[in-house]
Amino acid sequence: MFLEQIVNGIAIGMSYALVAVGYSMVFGVLRLINFSHSAVFTFGAFAVWVGVEMLHLNVFLAILAGVAITGVLGIGLNKMALEPLRKKGETGMPALITTIGMSYIIINVLTIVFGSQMRRFPALFNWGQIHIFGAAIGWQQVMIALACLVLLVTLSLIVNKTKSGLAMRAVQQQPTAAAINGINVNHVITFVFFLGAASAAIAGTLVAAYYQYVRPSFGDVIGLKAFAAAVLGGIGSLPGAVLGGLIVGVVESLAVFALGSTYIDLVAYLVMFAVLLIRPTGLLGRKGIKKV
Amino acid sequence: MKNRKEKNRTENVSVRLGMLFRKKKAAVPAFLLLIVLLCLLPQVTSLYIQRNLIMVGFYMVLGFSLNFVTGYIGEVSLGHAAFYAIGAFSVSLLTTDAGMGYWPAVVLSVLLCGLFGLLLAFATMRVSGTYLAILTLAFFYLVMNIIQNWEGLTHGVVGIYDIPAANIFGFAFTMKNGGYYYCILAYVLFSILITRLLIGSRFGRAMKAVREDPLAATMAGINNQTFRVIAYVLAGMLAGLAGTLYAPFCGYINYLTFTYNMCLMILVIIITGGRGTMKGVIVGSLIIAPLGEVLRGLISLFDSLPAEYLPDPEQWRFVIYGLIMVVMMRLRPQGILGGKSRLDYRMPAGLDKKEGNG
């Protein structure tokens, strides 16, 4: 029972990490928390759901299409809502309120189109269980954790080993200097939004498969928990996001084990309050990042 | 010189009164006339209109409350309905389960909301911007989660039935006798008064300084945290006050009465009108609060069409709120009535304006 809860925690924690990375990457280049990230996450899950359940596509194809569409949504968000604000030099509160507004529009359009009720989402890896040390562990959980791991490694390779990743890191450190060196800052930001939205879509699919349902309000709480994870690990840090996600996921699962499922959501919120009160830079965060 | 002093003294009373309503002398009679007209309004309007006016009143008080935090301190709070909920639940439980009288319950509930305001201010002490927005949202979920699950105290998902009507000296408020209307009108006037008093004072100037540039404010010897805490406590108490009237007005509340949509609506109100202005709150709530009803009215004009082609006003209302947020930020981030004040800066008493302002 204990081991099963740990594995559950790792699986869901890795999904949080995948969402948290999206927050972190956008924060890295824009010093802005993308409040609409949780709405994008829900949109991604719905995009895949439409592919699988309504258009009866092959699961793999549906995920690919859903992720691509969500990535485009991410680019659209940046181009339509945030770029004009940056051109006017209005960052800070106007940008924050814009992302809140965009998330609200996405969620409510989803509610209008699909209704607010739960929709059954196919379990993607329904391959039964494996038995280790007397514990029955679902393939579902193992595969979700592995899929997240593969994606996180891919993302960190993109950031650390490719030319676009180098440009991203340059913009992160000093946008003006990056621009002087011939980096198109707007392209980099667009690319970051695409990556963030695409990884949110994959995370959305995996979490929906884990719980086997999807509905428009589905991302609200998970977005908040992923943010808690990003904050705990240290915003702007990729390994931090993974560490934070794992801690939040496992602590939450153990809390179910110890306290029952009633107050499960409170755990992540309390963690977030505690971290931001005691150590706002998070566990692996660098000092000197001004939290604007 | 003596003449001027004499003149000052005679003007003193009217100036002080005028300070409450901005300086124009004609403003005072006009304001009083407006209040009289508003008092007569329920005598001539239908109950439907009156109900909507009461809802506008509730949102106006909530708008004034959020304005302390978002308008004057400059922090976006996404969990403001939490205070509204705490006020409503606390007054309902005190009047039903604890069997207290209405007004003592109101006083206790408002104090409790102030305490939660204090708690939130301390918990968010080290963050600002989006971090703060997300923490206030977490605060909202935290409060609602506890209300939903703590069955022993809040009756859990069942909610609280048969909340006794609010009353004053045994005179019970109903829609018919206009009790709720007059009460919420009084609360709106109270909010205007308290905002006016606050922003005209040292506190108000300090709060605005913190909003414009926290670092510079600190350098000028303003303790940012003190003013933040005061703003949060006041905001919590004012929203709680609205909640204490909302619960008996509804007669039944549960954890679904207070939603994230409500939090955002309050925010949209002050963004539309202009954050940090009083006119903005009033105009914003007049536009935003009845939007659902207006949409319903507009859509019913097309009722010859089959029902499935007609949009659901409840849902589209929220999409419109989102659009308002995005479009306002793009075109007019300071709100319809926001922006630089065209009135002269009023020097504190005892400072000559000519010497002080050049």
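I am working with a predicted model, in which local features need pLDDT of at least 70 and side-chain atom pairs count only at pLDDT 80 or more, while totals for chains, interfaces and linings use all residues. Residues are numbered from 1 along each chain as its sequence is written, chains are lettered from A and ligands numbered from 1 in the order in which they are written, and side-chain values use heavy atoms, with hydrogens and water left out.

**Chain A overall.** I counted 11 helices and four strands in chain A (DSSP runs, H or I of at least four residues for helices and E of at least two for strands, numbered from the N terminus). The radius of gyration is 19 Å, close to the 19 Å of the globule rule for 292 residues, so chain A is as compact as a globular protein of that length (taken over C-alpha atoms; the rule is 2.2 Å times the number of residues to the power 0.38). Its C-alpha trace spans about 60 × 45 × 35 Å along the principal axes. I also noted that 57% of the 292 residues count as buried (under 20% relative accessible area, with a 1.4 Å probe and protein chains only).

**Across the chains.** Next I looked at α4 (residues 93–114) of chain A against α15 (residues 313–331) of chain B: the angle is about 155° and the axes are 8 Å apart (lines fitted to C-alpha atoms over the stretch in contact, with angles from 0 to 180 degrees between N-to-C directions). That makes α4(A) roughly antiparallel to α15(B) (over 145 degrees). The contact (heavy atoms within 4.5 Å) includes A:Ile97, A:Tyr104 and A:Ile112 from α4(A), and B:Trp316, B:Phe318 and B:Met329 from α15(B). By class it has 16 nonpolar, six polar and no charged residues.

**Within chain B.** I then found α15(B) packed with α12 (residues 260–273) of chain B at about 40°, their axes 10 Å apart. Among the contact residues are B:Leu264 and B:Val268 of α12(B), and B:Arg317, B:Phe318 and B:Met329 of α15(B). Here I get 10 nonpolar, two polar and one charged.

**B:Ile160.** This one sits in the loop between α7 (151–154) and β1 (167–168) of chain B. B:Ile160 is buried, with a relative accessible area of 1%. Leaving aside neighbours within four places in sequence, I see B:Ile160 in contact with residues including B:Phe89, B:Leu93, B:His155 and B:Tyr252. From B:Ile160 to B:Ala30 I have 130 residues in sequence and 42 Å in space, C-alpha to C-alpha.

Methods. Parallel < 35°, antiparallel > 145°, perpendicular 65-115°, else oblique. Nonpolar A, V, L, I, M, F, W, Y, C, P; charged D, E, K, R; others polar. Buried < 20%, exposed > 50% of the residue type's maximum accessible area, 1.4 Å probe, protein only.
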